[in-house]
Each structure stands twice: as C-alpha cells, then as structure tokens.
Amino acid sequence: MTEHSIGPLSPGGPILLVGAGKMGGALLDGWLAGGLDPALVAVVDPGLPPDVAERLSAQGVILAPEPGNLPPPAAILFAVKPQMAADALPSVAGFVSPDTVVVSILAGTTLKTLRSGLPNGAAVVRTMPNTPASVGRGITACVAGEGVSAAQRALADRLLQACGEVVWVDDEALIDAVTGVSGSGPAYVFLMAESLARAGVAAGLPPDLAGKLARATVEGAGELLHRSPETPETLRKNVTSPNGTTAAALGVLMAADGLDPLLERAVAAATARSRELAG
Ligand SMILES: NC(=O)C1=CN([C@@H]2O[C@H](COP(=O)(O)OP(=O)(O)OC[C@H]3O[C@@H](n4cnc5c(N)ncnc54)[C@H](OP(=O)(O)O)[C@@H]3O)[C@@H](O)[C@H]2O)C=CC1
Ligand SMILES: O=C(O)[C@@H]1CCC=N1
C-alpha cells in the first residue's frame with residue numbers, strides 16, 4: 001500500500017491510460033494501490049504483455065476500449081514514447097469529450113504539440129512524473145494549458161498525488177529542467193548504487209558483498225532523508241568525522257572536478273534533450 005491513498009474518487013467518467021509501459025504502468029500501479037476503483041480505469045496499449053493484461057483484467061480494469069463502448073473519460077493519461085505521440089494522438093483524440101482533461105507525461109512534448117493533435121479547445125495538462133510513483137514516492141511537476149478548469153486541474157492533481165508529491169508551475173519552459181532533475185533523476189541514483197558497488201569491488205570486496213552494501217546504503221540514505229527533518233547537508237555532515245574516512249572521500253567528490261560539475265553537465269544534457277524532443 002502506498003502512503004498516498006486516492007480514496008473514493010467520483011471523477012464523472014472513467015480514467016483512460018494510453019500507454020501502459022514503464023511509467024504509465026507505474027502510475028496505474030500507484031492508482032490501484034491508492035484505492036482507485038479498477039472499474040473506473042481503462043487501458044489502451046496494443047503492446048501490453050499477456051501476463052499484465054491478465055492481471056489487470058482479473059482486477060477489473062477495462063482493457064482496449066473503443067470510443068464507442070467507453071463513457072467519455074474524465075481524464076486521459078497519455079503515456080507513450082514521445083516518438084509515438086503523432087501516431088497515438090488520433091486515438092486519444094477519439095476519446096476526448098468537452099469535459100475530458102488530457103494529462104500528458106511525454107518528455108519534451110509541448111502543450112502546443114499536444115493540443116494541435118486533439119479536438120479544438122481540448123484541456124491539456126503537461127506533466128513530468130518519475131518512476132518512484134510505482135511505490136507512491138514519485139514527484140510530478142505539472143503545467144496547465146489554456147482552458148483547463150479548476151475541477152480538471154484538481155482531478156489531474158488527485159491522480160498524480162496517488163503516486164506521490166505534485167507541484168505545479170506556471171512556466172512551461174521549466175518542465176525541461178524538471179525532466180533533467182526529477183524525471184530522469186531516479187536513474188542517477190540507481191547509477192550511484194551501481195557505481196558504488198563497482199568502486200567497492202575495485203577496493204577489494206567480493207562483487208556480491210559490494211552490491212549488497214551499495215544497494216542497502218542508497219536505500220537507507222534515501223529513507224533517512226525521507227524521514228529526517230534535517231537538510232541533506234546536515235545529514236552529510238553527520239556522517240563526516242573531522243579528518244576521518246568520509247572527509248577523505250568527500251575531498252574527491254566535492255573537489256572542483258567532483259560531483260557538482262558532473263551532475264551539472266548531466267542535468268544540462270537531459271534538459272537540452274528535452275528541448276530537442278520538442279523540435
Ligand atoms: N520511464 C520514465 O522514467 C519516465 C518516462 N516519462 C515519459 O513517459 C512516456 C513513456 O515512457 P516509458 O513508460 O518509459 O516507455 P514505455 O515504452 O515503457 O511505454 C510506452 C508504452 O506505450 C505503448 N504504446 C506504443 N504505441 C501506443 C499507442 N499508439 N497507443 C497506446 N499505447 C502505445 C508501448 O507499447 P510498445 O512497447 O509495444 O511500443 C509501451 O507499452 C514517455 O513519453 C517518457 O518521456 C516521463 C517520466 C519518467
Ligand atoms: O529518459 C526519458 O526520456 C524519460 C523522461 C524522463 C525519464 N525518462
């Protein structure tokens with residue numbers, strides 16, 4: 001069970017997920033774990049693996065609906081790869097009613113592009129979630145397009161809150177840097193676990209032990225950061241004895257050519273790629 005219960009939700013129509021891959025599937029898991037009634041959820045994804053389709057169907061989720069046999073969705077969560085957007089938008093458009101809000105999670109795909117593939121005046125919210133959503137610990141940044149009503153914004157907020165925290169921005173341009181920090185960010189942290197394990201092996205540990213230590217360290221540090229009211233800086237200082245082992249390591253990581261410039265370049269590369277995807 002996640003920390004974020006969606007509770008009873010009467011959205012006034014089903015919630016349609018278009019694209020139930022890694023991220024769409026994570027959000028779907030978050031909704032179901034958060035208590036969203038599966039009978040209110042429909043999924044369009046021609047590539048759904050049979051075991052996933054079977055599990056969702058057994059839970060009562062509606063699979064592969066057509067616009068003619070599904071009531072107008074209150075919200076459509078659009079979650080295909082950005083490169084598939086043009087192919088998939090016509091099928092999304094077929095489900096859109098005047099009251100539907102389309103919530104996109106596509107990296108680099110602008111409100112303008114999305115709206116151009118949907119019926120005139122469609123309400124669109126562009127968002128950037130991240131995969132910890134599958135365990136209720138995601139964070140999603142959102143920007144509302146023109147004409148999104150307060151009720152539509154509240155519904156988008158509620159659906160995303162079932163999977164973690166939600167923040168709203170007014171400036172769509174910020175979403176590219178959001179993607180570089182929190183959208184892609186979980187990958188940087190997982191890489192830290194991989195890289196720390198490799199460094200442990202280089203320092204003489206057996207690979208299994210290095211992997212176990214590195215994973216538990218990243219998990220534990222994340223949990224401590226989650227539970228503690230302290231800043232990351234204070235938590236770091238709490239580990240660091242004067243002239244001790246951590247100080248020796250931080251001398252490398254916090255040097256002029258250490259982690260800051262490396263992450264700055266990494267986030268800049270992701271941000272630039274997000275802008276590039278927008279065309
Ligand atoms: N993964 C992440 O961490 C994050 C991803 N995003 C965004 O989420 C989106 C999805 O990414 P991700 O989940 O990683 O990608 P996936 O490839 O895992 O998921 C996309 C899914 O959409 C399916 N699909 C393809 N075409 C259609 C269609 N016409 N109609 C319905 N479904 C279709 C795909 O099927 P098939 O595989 O058969 O093509 C696949 O199952 C991307 O736009 C990405 O930018 C945003 C934040 C974080
Ligand atoms: O790598 C990507 O393009 C997507 C967007 C953010 C995380 N994954």
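**Ligand surroundings and overall fold**

The shell around ligand 2 consists of one nonpolar residue, three polar residues and no charged ones, where Ala, Val, Leu, Ile, Met, Phe, Trp, Tyr, Cys and Pro count as nonpolar, Asp, Glu, Lys and Arg as charged, and the others, Gly among them, as polar. Its members are Ala107, Thr179, Gly183 and Ser184, a residue being near a molecule if its C-beta atom, placed from the backbone, lies within 6 Å of it. The model is predicted: local features need pLDDT of at least 70 and side-chain atom pairs count only at pLDDT 80 or more, while totals for chains, interfaces and linings use all residues. Residues are numbered from 1 along each chain as its sequence is written, with chains lettered from A and ligands numbered from 1 in the order in which they are written.

Around ligand 1 there are 27 residues, of which Gly19, Gly21, Gly47, Ala88 and Ala107 come nearest. Two or more residues of this shell are given by each of helix H1 (22-33) and helix H3 (85-95); helices (H or I, at least four residues) and strands (E, at least two) are DSSP runs, numbered from the N terminus. By class, the shell around ligand 1 holds 15 nonpolar, eight polar and four charged residues.

Turning to the protein as a whole, eleven helices and eight strands are present. Its C-alpha trace spans about 70 × 40 × 35 Å along the principal axes. Of the 279 residues, 34% count as buried, meaning that 20 or more other C-beta atoms, placed from the backbone, lie within 10 Å of the residue's own.

How values were computed
A residue is buried if 20 or more other C-beta atoms lie within 10 Å of its own, exposed if 12 or fewer, and partly exposed in between; C-beta atoms are placed from the backbone.
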